[in-house]
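Hi everyone, thanks for coming.

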Amino acid sequence: MDLTLSTSSFFSVSSSCSSSPCKLQTLDFPSNSIHFLGFKPHINFNNTNNTHAHTKVRVFLGFKLHCYSKSVSLPNKNVNKGKKKRYGGILPSVLRSLELDNDVENTLDTYHGKLNPKEQTVILKEQSNWDKAVRIFKWFKSQVDYVPNVIHYNVVLRALGRSKKWDELRLCWIEMAKEGVVPTNNTYGMLVDVYGKSGLVKEALLWIKHMQLRGIFPDEVTMSTVVKVLKDAAEYDRADRFFKNWSVGKIELDDLDFDSSVDQEGISLKQFLLTELFRTGGRSNSSTNLVADVESRKPRLTATYNTLIDLYGKAGRLKDAAHVFSDMLKAGVALDTFTFNTMIFICGSQGCLSEAKALLDKMEERGISPDTKTYNIFLSLYARAGDIDAVVQCYKNIRALGLFPDNVTHRAVLKILSERNMVDEVESVILEMEKLDKRIHESSLPLLAKMYVTAGLSEKAKFLVEKSQSCGGFSSKTYAAIIDVYAENGLWAEAESLFYSNTEGSSSVQKKDVLEYNVMIKAYGKGEQYDKAMSLFRGMRNQGTWPDDCTYNSLIQMLAGADLVDNARDLLAEMQEAGLKATCSTFSAVIATFAKNKRLSDAVDLFQEMLRADVKPNEVVYGSLIDAFAEDGNFEEANCYLHVMEESGISANHIILTSMIKAYGKIGSVEGAKQMYEKMNKLDGGPDIVASNSMLNLYGELGMLSEAKLIYDYLREKNGADGVTFATMMYVYKNMGMLDEAIEVAQEMKKSGLVRDCVTYTKVMACYATKGELVECGELLYEMVVKQKLIPDRGTFKVLYTVLKKGGIPSEAVRELETSYNEGRPFAKQAVITSVFSVVGLHAYALESCGNFTKEDVGFNSFAYNAAIRAYTAYGKIDEALKMYMRMQDEGLEPDVVTLINLVNCYGKAGMVEGVKRIHSQLKYGDIEPNESLYEAVIDAYKNANRHDLAQLVSQDMRLASDVRQLTDSEAKDPDEASLSQ
């Protein structure tokens with residue numbers, strides 16, 4: 001079918017399409033994940049009907065493609081690339097002989113006089129080796145009947161240019177002039193092409209200058225070549241200007257900067273070309289601007305239009321690309337696959353995906369078959385749009401249409417799927433590749449390894465890598481990338497295995513690239529294998545690989561971060577002796593570690609050395625020093641480094657100003673701290689939460705309640721208060737004896753969901769404990785250890801001891817629990833927690849906690865049995881309490897005073913007066929050492945058993961024992977007796 005469009009314009013462009021460069025070979029995919037659907041052959045994208053019978057195609061976001069009622073027949077151009085040319089006559093024999101035999105001269109001697117100029121041209125063109133082409137050309141010229149011609153010189157010059165043999169090319173050019181062979185448009189176009197593809201853009205344009213001074217106007221092919229060179233160099237405006245000047249018959253190169261042109265091979269290229277210009281200019285018109293005889297000209301070649309479309313697409317000028325395409329159609333120039341591919345990519349990359357699909361329809365209507373690259377473009381467009389189903393459907397269409405996925409296809413699909421961790425789908429693609437006898441490209445291996453490792457399938461990653469190794473291995477860069485995948489996931493052993501595997505079984509030791517060593521050292525660092533990292537570093541020179549700046553910098557930072565600061569310092573000195581330069585980050589890491597460890601003199605020494613090494617400190621370095629001196633209470637030094645930093649042109653950030661607030665706080669200077677706080681108001685975002693909390697803490701320590709409350713209220717109103725804010729305000733109120741207000745802050749903190757870690761739970765419990773609200777402490781403890789699964793720290797247990805004392809537990813019991821915890825005895829933590837629940841009346845929690853450790857078959861110390869007996873007694877489970885006591889006796893543990901106190905309480909609650917009498921009798925007659933807490937327990941037990949008479953007698957015994965003890969103590973302190981004993 002024919003493609004028809006409206007007469008006014010073939011495409012109208014909406015301003016809603018953003019502009020961005022187009023690059024067909026680059027595939028960039030966003031992250032998304034959608035269910036993968038096998039690989040069954042279907043033709044259509046997204047399972048939609050792909051019909052061409054429509055009379056009008058409606059699209060959005062840019063182009064609007066209209067069909068016109070009158071058909072205009074346009075030519076098509078199908079280019080068959082990759083097919084080797086077939087020659088007749090003696091050419092196949094000559095080419096085969098030259099391919100098999102390096103003795104060019106002897107081979108050609110056998111064909112002396114049998115080759116005409118055209119056959120000679122074919123032989124030169126078919127040579128892939130520049131040296132062989134030059135030797136063949138030399139043989140041709142040695143023949144008596146040979147007539148020099150420009151075509152042969154063009155072929156040889158191209159071969160030399162493609163191989164970047166610039167000296168040989170210059171000699172050939174000079175010889176061409178001596179032979180009187182005049183360069184043509186083809187000659188200049190070819191020279192522009194080879195120089196441009198080598199990155200020598202200005203040198204390429206000098207050939208146009210040379211051509212201009214000879215009075216030769218570029219033909220369309222040469223013009224197109226210049227535009228392409230400028231396009232590939234991202235000189236879009238110059239390319240556009242050159243084309244438009246050419247279109248009106250002008251060539252202007254006045255903006256060419258000769259002085260800045262220094263090519264990769266040195267200055268000789270430019271000198272040669274400028275010499276040529278001077279020599280040519282002496283014989284030609286001196287005008288720098290060449291004007292053709294015709295006033296206006298239009299391109300006629302498909303390749304030219306393709307180049308222009310690609311130019312405007314890369315420049316993000318979608319409207320101009322559309323106009324060129326429109327002109328191409330109007331001019332009746334043949335469309336080819338490249339034309340549509342370029343337009344499809346331009347539309348899609350500008351977000352006009354529906355128009356890209358419409359172009360595919362029109363492409364097929366014109367009888368121009370999409371190629372694999374067409375579908376590769378759609379792969380990239382659908383991936384960018386996040387439509388993974390369409391990506392997969394597009395991949396299936398390649399096979400369904402009789403095409404074959406190429407390396408770009410497989411790399412793209414594997415990248416899309418692996419980045420979304422679609423393991424099964426990736427393995428389906430790999431299986432299909434194996435059926436096609438296609439190998440996974442090494443650039444895909446790191447992505448696949450990352451996918452497997454992320455999915456917890458590191459063994460599959462290892463198998464994939466080993467399989468690729470067995471098929472010839474891969475580059476050091478790929479090895480390093482895969483090792484880095486392991487490093488990032490803390491799999492240092494797997495990284496180590498791969499690192500040493502690429503030389504196993506080889507006859508010669510393969511030298512590893514320094515990049516491989518660097519990522520392996522990183523893997524050891526991530527795995528905290530610092531000895532292995534140092535060992536690898538020390539041994540790499542023996543393997544022929546020398547550490548670079550990155551090796552030293554990363555290793556020093558690793559050691560500093562691991563608190564191995566002396567090792568880091570020694571390695572830094574070694575690095576400097578080797579003539580390598582440490583980065584600011586490296587100095588910063590070591591200085592920060594010295595500062596953290598209070599080794600301020602070492603930090604200052606290294607700072608001075610940093611200055612001597614001409615490494616400029618940044619705000620991190622200054623911040624470490626300022627904060628360290630602020631923590632140390634050395635205001636003068638902190639303030640000194642602040643001024644040095646500001647004099648060096650670095651402004652103080654939030655962190656440094658917060659450190660200075662801390663420094664002023666240490667010397668009690670509220671005004672100085674306020675000044676720092678006010679400075680933060682001038683920074684983006686104003687004072688941060690850390691600075692505000694520092695000021696809040698300073699006001700609290702100085703008892704400035706109203707100022708503290710102002711900051712606290714401000715942060716709450718702005719929803720900026722964090723756990724530190726609430727905890728600090730609680731501390732302020734508590735220290736001032738305002739316990740009700742402290743409790744209110746604690747309650748608000750809990751409602752805000754900021755009580756979430758051990759520290760915040762402890763602070764809130766401390767507040768409740770100070771007020772005497774012990775039940776709330778128990779509830780918070782249960783929430784912390786049972787619901788949130790947090791492990792109490794030493795600070796938490798200090799609060800719990802306070803709760804136990806306020807709850808009425810004898811001081812002997814509290815000391816026993818505290819000692820067991822400090823000594824790290826088994827079940828000490830559980831015993832304390834159980835006791836807290838018991839004393840605050842949360843008996844269900846106490847029994848739950850008690851059961852967690854009493855069900856263990858192992859034996860306990862006395863403190864654990866005492867906690868269990870206490871918990872069961874408090875809840876009235878007398879039988880369970882007595883069972884624990886009997887178990888304690890069975891294990892041969894003697895009851896201590898805490899055990900006896902608990903037993904007396906148990907007997908009293910059960911009304912077992914005889915049991916209480918037995919312990920009382922032992923206490924009365926000295927079988928048990930007199931103890932005030934035990935006496936009080938016996939009195940309470942008699943009262944609980946309703947034997948107040950016995951309770952009164954014990955009270956008398958207790959007073960008597962106390963009097964005797966006081967008398968004994970006073971006699972022990974008699975000075976006369978003491979002097980006699982001396």
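**A walk through the helices**

Let's start with a pair of neighbours: the axes of α38 and helix α39, which covers residues 774-787, come within 8 Å and cross at roughly 165°. An angle over 145 degrees counts as roughly antiparallel, so α38 is roughly antiparallel to α39. The crossing in which α38 passes α39 is left-handed. Before I go on, please keep in mind that this is a predicted model.

Which residues make that contact between α38 and α39? On the α38 side they are Cys-758, Tyr-761, Val-764, Met-765, Tyr-768 and Ala-769. They meet Leu-774, Glu-776, Cys-777, Leu-780, Leu-781, Glu-783 and Met-784 in α39. Sorted by class, the residues of this contact come out as 11 nonpolar, no polar and two charged.

Now let's stay with α38 and look at another partner. Helix α38 spans residues 758-771, and its axis comes within 9 Å of that of helix α40, residues 794-806, with a crossing of roughly 20°. For this pair the result is roughly parallel, because the angle falls under 35 degrees. The crossing of α38 and α40 is left-handed. From α38, the contact uses Cys-758, Thr-762, Met-765, Ala-766, Ala-769 and Thr-770. From α40 come Gly-795, Thr-796, Val-799, Val-803 and Lys-806. The classes in the contact of α38 with α40 are six nonpolar, four polar and one charged.

Next, another pair, elsewhere in the numbering. Helix α26, residues 549-561, packs with helix α28, residues 584-596, at an angle of about 15°, and their axes are 9 Å apart. That angle makes α26 roughly parallel to α28. Here, α26 passes α28 in a left-handed crossing. The α26 residues in the contact are Asn-553, Ile-556, Gln-557, Ala-560 and Gly-561. Facing them in α28 are Ser-585, Thr-586, Ala-589, Val-590 and Thr-593. How do the residues of the contact of α26 with α28 divide by class? There are four nonpolar, six polar and no charged residues.

Let's zoom in on two single residues. Trp-207 sits in helix α8, residues 201-213. Is Trp-207 buried or exposed? With a relative accessibility of 0%, Trp-207 counts as buried, since the cut-off for buried is under 20%. Tyr-195 lies 12 residues away from Trp-207 along the chain, and their C-alpha atoms are separated by 9.3 Å.

The other residue is Leu-950, in helix α49, residues 948-972. Leu-950 is also buried, at a relative accessible area of 13%. Leaving aside residues up to four places away in sequence, Leu-950 touches Val-913, Lys-917 and Tyr-942. Take Val-913: Leu-950 and Val-913 are 37 residues apart along the chain, and their C-alpha atoms are separated by 9.7 Å.

Finally, let's step back to the whole chain. Its secondary structure comes to 50 helices and two strands. Of the 982 residues in the protein chain, 47% are buried. Among contacts with a separation of 6 or more, 68% are between residues 24 or more positions apart. The chain exposes about 47,800 Å², and carbon and sulfur atoms supply 49% of that area.

Technical notes:
Residues numbered from 1 in each chain as written. Predicted model: local features only at pLDDT ≥ 70, side-chain atom pairs only at ≥ 80, totals over all residues. Heavy atoms only, no water. Helix = DSSP H or I, 4+ residues; strand = E, 2+ residues; numbered from the N terminus. Buried < 20%, exposed > 50% of the residue type's maximum accessible area, 1.4 Å probe, protein only. Contact = heavy atoms within 4.5 Å. Axes fitted to C-alpha atoms, helices over the stretch in contact; angles between N-to-C directions. Parallel < 35°, antiparallel > 145°, perpendicular 65-115°, else oblique. Left-handed = near helix turned anticlockwise from the far one by under 90°. Nonpolar A, V, L, I, M, F, W, Y, C, P; charged D, E, K, R; others polar. Areas by Shrake-Rupley, 256 points an atom, 1.4 Å probe, with all protein chains shown as cover.
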